[in-house]
Amino acid sequence: MATSALFAFLHHLAAFTLVSAIVVEWLLMRNELTAQNARQLARADAFLGASATAILVIGALRVMYFEKGPSFYMHNEAFFAKMALFLVVALLSIYPTIQFMKWSRAVKAGQPIAPDAGQLALVRRLLHFELIGIVLILLCAALMARGIGSFA
């Protein structure tokens, strides 16, 4: 029981870290892109990647060894919707991550950061979609936890 609670805590901690990282990126992108912002974006994105990895690993352990067991999750549409949304959010994060890495490398090389307005707008839009995806993931998690969507 204590181990299950620990893994639930770690899963939630990683999820809150992921959301915080996306919000930090979104807030930083609202301002003018500076060398300092580029470094902060790269750092926030590293936290995002680490927390996403932790969510997947800890979540898989919870499905396999804790909570309701694999048969519950493998027969729940809300679980599959949640996983699909997680994948969509991960795919949406690729372009911003690539841009953040480019900008960070430019800063380290002492070069100016000169993204065009279209790139900045696209990164901002993708961050908005990531946050919307997270809200939908939370909805699916609540449905799943209450057995809504089971088809067994």
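Begin by selecting Leu18, Ile22, Leu48, Ile55, Phe86, Ile134 and Ile137, which touch the most other members among the 13 residues of the largest nonpolar core, a core being a set of buried Ala, Val, Leu, Ile, Met, Phe, Trp, Tyr and Cys residues joined through side-chain atoms within 4.5 Å. Colour next helix H1 (2–29), helix H2 (35–65), helix H4 (77–92) and helix H6 (117–145), each of which supplies at least two residues of this core; helices here are DSSP runs of H or I with at least four residues, numbered from the N terminus. The largest share, 4 residues, comes from H1.

This is a predicted model, in which local features need pLDDT of at least 70 and side-chain atom pairs count only at pLDDT 80 or more, while totals for chains, interfaces and linings use all residues. Residues are numbered from 1 along each chain as its sequence is written, and side-chain values use heavy atoms, with hydrogens and water left out.

Move to Leu126 in helix H6, which counts as buried because its relative accessibility is 12%, where buried means under 20% relative accessible area, exposed over 50% and partly exposed in between (1.4 Å probe, protein chains only). Beyond residues up to four places away in sequence, Leu126 touches Leu92, Tyr95 and Pro96.

Finish at Leu61 in helix H2, which is partly exposed at a relative accessible area of 31%.

Conventions
Contact = heavy atoms within 4.5 Å.
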